[in-house]
Amino acid sequence: MDLAFSQLDYLKPELGAEYTGDGIYFSVFSAHAEQMDLCLFSEDGKQEIARMPLPRREGDIWSGYIAGLKPGTVYGYRAHGPYDPDQGHRFNPNKLLLDPYAKQIAGELIWDDALYGYGIGNANEDLSFDERDSAPFMVKGVVQDTDFDWDGDQSIRRPWTETIIYEAHVRGLTMLHPKVPDELRGTFLGMCSDPIVEHLVKLGVSAVEVLPIHYFPDDRYLMEKGLRNYWGYQSLGFFAPQPRYLSKSRIIEFKTMVKRFHAAGIEVIMDVVYNHTAEGSERGPTLSFRGLDNLSYYRLSPDDARHTYDTTGTGNTLNLAHPMVMRMVLDSLRYWVGVMHVDGFRFDLASTLGRTRHVEFDRDGAFFHAIRQDPVLAGVKLIAEPWDVGDGGYQVGGFPYPFREWNDKYRDDVRRFWKGDEGLVPRLAERVSASAVQFNHSDRGATASVNFLSAHDGFTLADTVSYRDKHNEANGEENRDGHSDNQSDNMGIEGETDDANIKDARLKRRLNMMATLLLSQGVPMILSGDEMGNSQNGNNNAYCQDNEISWIDWDGDKENFFDLCSQLIGLRKEHQSLRPERFSNDEDGPNHIDWYKADGTLMDEVSWQEPENRILGASFVARATESDPPVVSDRLLVIFNAGGETEFTLPMSDEGHKWKRVLDTRADHPFHSEEIQGAVSVRAESVMAFAI
């Protein structure tokens, strides 16, 4: 084949490498490069077979078209320009660069000093210049034909009020499942295999939030310790799925996963990392963005452009204040919605995405405006992790509609309440009523708070009741990593025990906490494995543990906790009063919450301030707005008792109906139903629920 650029009669607006049916159109952004070379490789990526300067530059877009090339073409770029780190420029044509828009990755990154633009060990450090070719060690892009038979697949677009999220890792969920075929474990096809889908459907969740699946390399320092990047929060390719999750190197496997989940009524939410990349600080490797245009892609120190400006704790921060970097992020999001059919995104360290040119967080920032006006993105589920490590980065409650937010206040306060801390009743009331103190503003709804007890970073639910201290020794950092303040309680013995009383107490507390989560207003999120008592042996930062520490033990649910969780989800779905769109007690709103003392009277100011009080009754009420006047359509009284056994007088209903007990977490049969009136004995450390 004659590898030469052809003349197109028009300029294509898309970036990346696009198959036109007759050839491939290559396009890449760089504002400061002086020449951009397209490098083509053999099918195995080992031999560079052509190096051709892109012939056209317009608006800082370098482009060229080669007729006759087919999908499967392996390629990369080399960028020529100034190597002047003091001015923010780090061009080095000796370094092969991954196309930021690459749809699939070929090969595996092999760590070598040649991957760095400067000389490792040189006295001038990152001011030096390295002339070694990095291509033998570098991953490459693969041109894709994005056709796929979706066979009528449509986005589910389930209302937030009906949403129950299940946070999961592709490998963690599948590696130890005895019924997932060996060849599919750790892959997208394993994730959507019948045993996994059946488990999720039986549990009753409505959405799977998948930990990062964008292409990411394993960190060099982890590889040198015999570890690897398990979680995946080091993205390098925002359009390409992680190759290790593909069973046969076909990106259609991701589409197959989405299609199968949709057929089961389950939405797919991607955990995405647009705040930083895997290239690290100025001392990191030159793999893509740094070599294409360091000054445009990254935030650099306003005092010294040699250094990156880091609000993420990873060494660099993507510069979303630059319009072409913003475009890349939006293009990536649109690609995963339009081409891959995902239903939403959870944004890692999302406060960074709202930082302006002046670095402070702005809830009216350009990124949020761009999302809101975008016809593709405005309608999908958007979840913010509302913090980063920069100044003013903690922004729980600070994001604009339509974003929902992870609410770590919910996690911490519920953990503290159930381990018996004093004075937590007022905070518990805030948390089970959708944290209105944080979120009831700017016309936001009662689904703004994503409530969770545990997540991938931190203790699992089982470890929260089994360990007082973190045990991260396996991470190779002498247990210095990970949070030390976990609001956890080992309940008498650190870690595993054969003591039947402690095991029973831990089970009951897990059930109380799960009941609290699923009987709270807001959007619940369950960490995968928590429904089966999965443990990480006290490791609360298993980011580098791609092994049995992190993989879910499918044989570990000896107490049938799964069935209890499934029934709790069923109970939630039966009660509209737990799933309001608007905050309860809003003026003229259809939903209401009354707070009760144990004597059956309403909480008063003195009761709210009583530090020794550890019991609270919450009467959730929903009214049918189509009636005039509105009539009660659902009423659920939930009693949360973290103290000793107490007699609780059930309040009289306005309609004179009798209460029916629907939950008692301390009963041998927690969901046994019976009519109750008058006073009930609420056993120590329990949750009871009564419906009318």
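Trainee: How much accessible surface does the protein have, and what share belongs to carbon and sulfur atoms?

Mentor: The accessible surface is about 26,400 Å², and 45% of that belongs to carbon and sulfur atoms; such areas come from the Shrake-Rupley method with a 1.4 Å probe. Keep in mind that this is a predicted model, where local features need pLDDT of at least 70 and side-chain atom pairs count only at pLDDT 80 or more, while totals for chains, interfaces and linings use all residues. Residues are numbered from 1 along each chain as its sequence is written, and side-chain values use heavy atoms, with hydrogens and water left out.

Trainee: Why does the radius of gyration agree with a compact globule?

Mentor: The rule, applied to C-alpha atoms, is 2.2 Å times the number of residues to the power 0.38. For 692 residues a compact globule would have a value near 26 Å, and the protein has 27 Å, so the two agree.

Trainee: What share of the residues counts as buried?

Mentor: Of the 692 residues, 62% do; buried means under 20% relative accessible area (1.4 Å probe, protein chains only).

Trainee: What share of the contacts with a separation of 6 or more joins residues 24 or more positions apart?

Mentor: That share is 71%, with a contact meaning heavy atoms within 4.5 Å.

Trainee: How does the lining of the second largest pocket divide into nonpolar, polar and charged residues?

Mentor: There are 11 charged, 8 polar and 6 nonpolar residues. Asp, Glu, Lys and Arg count as charged, Ala, Val, Leu, Ile, Met, Phe, Trp, Tyr, Cys and Pro as nonpolar, and the others, Gly among them, as polar.

Key. Buried < 20%, exposed > 50% of the residue type's maximum accessible area, 1.4 Å probe, protein only.
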